[in-house]
Amino acid sequence: MNPIKKEIKLNKARFWTDSQGILFCEFSNTETYLTLEQNTLEEYEVAVLELLEGRSAPFIIDVRDNQGNLSTSAAKFFASSLVFKKARIYEAFIVNSLNTKLLINSYKRIYEPNTPYKIFKDFDEALAHSINVKQIFDASN
């Protein structure tokens with residue numbers, strides 16, 4: 001992986017970009033009773049805006065070993081936020097549980113079916129695919 005350009009840590013999340021122009025999001029919530037709420041996503045929105053500086057990028061979202069849930073208001077906010085809509089051109093989710101995979105598929109089907117996405121078990125595969133998507137996006141713009 002390319003060196004980290006800039007990194008922001010918030011709550012149980014870490015965001016960073018690399019020289020390829022990809023936004024990495026790593027979540028580390030192991031408490032099953034926690035729910036990701038809209039106010040936390042609003043903080044994440046500010047971090048994404050700062051890291052991408054108005055550019056669009058593929059998101060690699062690492063949710064391996066995560067527990068908990070996403071509130072309905074948070075799901076709606078993530079799907080409808082103008083910042084997130086402009087910022088994300090593609091989402092690569094990295095998972096290692098069926099529950100998380102089902103949660104992502106449900107979220108994408110119900111709230112945000114427009115942004116292309118793919119679910120991976122392996123970080124390197126997600127990265128390679130995201131680099132390819134970024135190259136195609138850059139060539140078309």
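This is a predicted model: local features need pLDDT of at least 70, side-chain atom pairs count only at pLDDT 80 or more; totals for chains, interfaces and linings use all residues.
Numbering starts from 1 along each chain as its sequence is written. Local features require pLDDT of at least 70 and side-chain atom pairs pLDDT 80 or more, while totals for chains, interfaces and linings use all residues, and side-chain values use heavy atoms, without hydrogens or water.

**Whole chain.** Display the protein chain, which contains 5 helices and 8 strands (DSSP runs, H or I of at least four residues and E of at least two, numbered from the N terminus). Their order along the sequence is β-β-β-β-α-β-β-α-α-β-α-β-α. The C-alpha trace spans about 40 × 30 × 30 Å along its principal axes.

**Strand β5.** Select residues 57-62. Here 6 of the 6 residues are buried, so strand β5 is largely enclosed by the rest of the structure; buried denotes under 20% relative accessible area with a 1.4 Å probe, protein chains only.

**Neighbours of β5.** Next select strand β3 (residues 23-27), which pairs with β5 in the parallel sense over 4 bridges. L23 has F59 of β5 as its bridge partner.

**W16.** Finally, select W16 in strand β2 (residues 13-18). W16 counts as buried because its relative accessibility is 4%.

Definitions and conventions. Buried means under 20% relative accessible area, exposed over 50%, partly exposed in between (1.4 Å probe, protein chains only). Two strands pair if DSSP finds at least two bridges between them.
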